[in-house]
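Subject: Structure handover

Hello,

Here is the structure for you to look at. Please open it first, then read my notes below.

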Amino acid sequence: MCEINVKKRHKIIYIRKFSRNLKDLISNIYIMKTSLSVALKYGIFIAVTLIAYFLFVRLFNLHENIWLRLFNGLIMATGIYYGIKYYKLSVSDSFTYIDGFKTGLITGFVGTVLFTAFMAIYMFHIDPKFTETLLGEWFSNYGEGTGILVFIILIEGLASTVVLTLTFMQLLKKSYNISQKA
């Protein structure tokens, strides 16, 4: 009988420890102190903003104007910058270059992949004529027009993510320079 009570007691202690650890994990995600949780939040923000901007431009039938895509870079830059900055503020003293770089890359990758998925659905299913209008006769002989555009959107987003993350980390990294003030 005593052995059964000991086993039950061990199970109860294990369950309490597990629930406490799970509670801590959930609270850390809720408080947004991990690099991944910050990156996911801002990556989703980037994707939603890019999709909203595209649909807004589409509303006025300006989505075929390639020059309006320059605003996509501004949206991406804003999301990555504030993602890294928020993470730096949330961990304060323990902020490292690697953690900030990782946060920026994951933020941009999440935003890029989600926006690319939306654009693939849009170009393949919602408005297939959009691809023909953008490409004209470029890839008509190969039948790869929409796939090429989706690939270009993905590569463009990933490349801009790397460049923007490197740029913003120069602004946000810790400085170890000795002050010149006398």
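Start with the whole chain. Buried residues make up 32% of its 182 residues. Buried means under 20% relative accessible area, exposed means over 50%, and partly exposed lies in between (1.4 Å probe, protein chains only).

Two notes on method. This is a predicted model, where local features need pLDDT of at least 70, side-chain atom pairs count only at pLDDT 80 or more, and totals for chains, interfaces and linings use all residues. Residues are numbered from 1 along each chain as its sequence is written, and side-chain values use heavy atoms, with hydrogens and water left out.

**Overall fold**

The chain has six helices and zero strands. Along the sequence the pattern reads α-α-α-α-α-α. Helices (H or I, at least four residues) and strands (E, at least two) are DSSP runs, numbered from the N terminus. Now take the contacts with a separation of 6 or more: 78% of them join residues 24 or more positions apart. Contact means heavy atoms within 4.5 Å.

**Core**

The largest nonpolar core has 29 residues, and F54, I80, I84, F115, M119 and M123 touch the most other members. Helix 2, helix 3 (70-91), helix 4 and helix 6 each supply at least two residues of this core. A nonpolar core is a set of buried Ala, Val, Leu, Ile, Met, Phe, Trp, Tyr and Cys residues joined through side-chain atoms within 4.5 Å.

What does F54 touch, not counting residues up to four places away in sequence? The list is H63, F115, F118, M119, Y122 and F130. N72 lies in helix 3. N72 counts as buried because its relative accessibility is 15%. With residues up to four places away in sequence left out, N72 touches L50, Y53 and F115.

**Helix 6**

T161 lies in helix 6 (residues 145-172). Is T161 buried or exposed? T161 has a relative accessible area of 0%, so T161 is buried. Its side chain reaches the backbone oxygen of G157 at 2.7 Å. Not counting residues up to four places away in sequence, T161 touches M76, I80, G104, L105, G108, F109 and T112.

I148 also lies in helix 6. I148 is partly exposed, because its relative accessible area is 26%. The C-alpha atoms of I148 and T131 are 9.7 Å apart, and the two residues are 17 apart along the chain.

**Surface**

The accessible surface of the chain comes to about 12600 Å², and 68% of that belongs to carbon and sulfur atoms. Accessible areas come from the Shrake-Rupley method with a 1.4 Å probe; for residues, only the protein chains shown count as cover.

L36, L40, I44, V48 and L114 make a nonpolar surface patch of about 430 Å². Patches are made of residues with over 30% relative accessible area and no salt bridge: like charges are joined within 9 Å, nonpolar side chains (Val, Leu, Ile, Met, Phe, Trp, Tyr) within 5 Å. Helix 2 (residues 35-59) gives the most to this patch, with four residues. L114 is found in helix 4 (residues 97-126). L114 is partly exposed, at 40% relative accessible area.

**Salt bridge**

How many salt bridges does a search of the whole structure find? One. The side chains of D99 and K102 meet in it (4.0 Å, N to O). A salt bridge is a side-chain nitrogen of Lys or Arg within 4 Å of a carboxyl oxygen of Asp or Glu. D99 and K102 are three residues apart in helix 4, so about one helical turn separates them. K102 is partly exposed, with a relative accessible area of 38%.

Best wishes

Definitions and conventions
Polar contact = N/O pair within 3.5 Å; in protein donor to acceptor, adjacent residues only side chain to side chain.
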